[in-house]
Amino acid sequence: MHLRSAAVGTLGHLLLLAGSLVALAAGALRAASLISPRGLERAVTATVLAAATATVQTLLLGIVGLGASSLALAGAAAATLAAARKWAPAPSLGAGEELAQWWLGLTPAARAAGGAAAGAALAMCAWLLRYPALGEDGLLYHGAEVSAWVNSGHTGTVVNLNYAVPWGAYPLTTEVLLTWGVGLARSWVVVAPWTVGTLSLLVAAAWLALRSVGCSRRAAALATAALAALPLCLFQLNGIYTDLPALAWLVSAGALCAAARRTPALMAPALVAAGMAVGTKTTSVPVALLVLAAAGWHLRHALRPHVRALLAAGALAAVVGVTWYGRNLVAHGSPLWPFRAAPWGDPLPPIFERYGTSLLAHPRATLAGRLNEYGTALSGGLLLVAGAALAPLLARTRAVGLAAAATAAAVLTWATAPFTGVSGFGPVDAAVPGTTRYMLPALAVATLTLALAARVRGWPGRV
């Protein structure tokens with residue numbers, strides 16, 4: 001069975017996709033309502049649980065060659081809803097009712113802003129449907145892996161797309177999720193709402209995180225806009241990339257950890273969100289571990305009644321996130337292969353060995369003559385990092401200092417990553433400024449640092 005080349009699938013397949021989305025969302029909402037009965041915490045939790053469930057079901061069905069079967073995927077989604085109805089009571093407040101209450105409670109200015117944001121998202125979806133694009137990485141491997149799995153049904157297996165670059169050894173959670181959508185729709189039409197949806201999740205999670213740590217509405221709005229409007233985020237709307245989805249899951253994990261100070265049970269979905277992040281991109285691993293460790297230590301006494309839920313969430317996070325690293329450990333001797341090799345495992349692929357230079361190894365040679373390119377790529381991200389470095393001088397609190405230190409550590413982690421420095425090979429060196437997208441987790445931490453400083457100083461007003 002070959003993937004349809006048309007822009008949209010048949011009406012029947014699109015209805016299967018819509019029905020499956022509704023089933024997973026309704027089931028996840030019931031589960032999320034057990035933890036948080038209303039609010040943005042519930043919405044983010046439901047999104048995380050629905051996506052993780054779709055990922056696990058697609059992987060399990062892939063074992064028997066049904067990982068892209070529309071009927072099998074739709075049946076699994078329906079079974080999820082049936083199980084949720086049996087084991088979880090209906091929410092006391094429905095999502096539609098809550099949305100209506102929220103909308104009626106807004107000021108006219110807030111309604112105008114919300115309507116404009118929703119209109120922009122719909123317009124972007126319409127634009128991408130009219131002028132579809134998979135992007136360079138989507139054509140080379142992200143989309144190619146999805147296409148291979150849709151045709152074979154064995155979702156999650158290694159696909160050898162290039163003799164020099166083992167893309168099949170990368171974390172593949174985004175590709176699995178897209179296979180779920182493409183398999184149901186039999187079309188690439190899912191790419192447009194997927195990219196816009198990940199940006200929307202990023203905005204919602206960032207707002208939740210900042211409000212949960214006590215930032216004013218104005219500070220939270222400015223910080224959220226500063227992060228979401230970065231060119232590094234916006235350019236990924238026009239194709240299949242993994243940096244933006246990884247950032248959205250990472251910020252969701254941070255938001256749920258922050259909200260867990262009020263509702264400790266939210267640490268369970270935070271674990272799942274972190275699993276989604278690390279299963280999408282290796283660049284998320286250091287910040288995800290740091291966020292979970294900090295929140296876990298802070299809430300260590302409050303988490304004791306939730307051990308069972310945390311163990312279940314940890315198992316789910318392991319499937320969606322750690323699977324790829326475990327596979328590489330068994331197959332190649334290192335969980336981070338092909339980016340890092342272990343002395344007892346397979347050596348690095350030749351292209352990584354010869355040209356996988358880091359910025360920290362050759363800072364002068366890398367930056368010489370490329371400052372304009374880095375400035376263009378990072379844009380306002382440079383101001384975020386600079387502001388985070390200065391924040392402890394302006395707001396001398398422990399939280400700001402720790403956040404600034406975490407920002408510095410995240411930036412240094414990026415600077416040690418392969419291919420962030422020049423190696424003397426022209427075709428590879430030309431793409432070096434583009435590796436600034438690996439710094440998105442650091443920019444998220446920098447944004448948090450500035451927001452915490454604004455909270456202390458009362459900028460731009462406690463509203």
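Biologist: Is Y241 buried or exposed?
Modeller: This is a predicted model, in which local features need pLDDT of at least 70, side-chain atom pairs count only at pLDDT 80 or more, and totals for chains, interfaces and linings use all residues. Residues are numbered from 1 along each chain as its sequence is written, and side-chain values use heavy atoms, with hydrogens and water left out. Buried means under 20% relative accessible area, exposed over 50% and partly exposed in between (1.4 Å probe, protein chains only). With a relative accessible area of 10%, Y241 is therefore buried.

Biologist: How many aromatic pairs does the structure hold?
Modeller: Rings of Phe, Tyr and Trp (its six-membered ring) pair if their centres lie within 6.5 Å; planes under 30 degrees apart count as stacked, over 60 as edge-to-face and the rest as tilted. The number of aromatic pairs in the structure is 9.

Biologist: Which kind of pair do the rings of F235 and Y241 form?
Modeller: The two ring centres are 5.1 Å apart. Because the planes of F235 and Y241 meet at 55°, the pair is tilted.

Biologist: In which helix does F352, the partner of F339, lie?
Modeller: F339 and F352 form an edge-to-face pair, 5.8 Å centre to centre with 75° between the planes. Helices are DSSP runs of H or I with at least four residues, numbered from the N terminus. F339 belongs to the loop between α14 (307-332) and α15 (350-355), while F352, 13 residues apart from it, lies in helix α15.

Biologist: Is K281 buried or exposed?
Modeller: K281 is found in the loop between α12 (267-280) and α13 (285-298). Its relative accessibility is 12%, so K281 counts as buried.

Biologist: Which residue has a side chain joined to that of K281 by a polar contact?
Modeller: Contact means heavy atoms within 4.5 Å, and, leaving aside neighbours within four places in sequence, the contacts of K281 include P171, T242 and D243. A polar contact is a pair of N or O atoms within 3.5 Å; within protein, one must be able to donate a hydrogen and the other to accept it, and residues adjacent in sequence count only if both atoms are side-chain atoms. At 3.5 Å, the side chain of K281 has such a contact with that of D243.

Biologist: What is the relative accessible area of T407?
Modeller: T407 lies in helix α19 (residues 398-415). Beyond its neighbours within four places in sequence, T407 is in contact with A388, A442, V445, A446 and T449. T407 is buried, with a relative accessible area of 3%.

Methods: Helix = DSSP H or I, 4+ residues; strand = E, 2+ residues; numbered from the N terminus.
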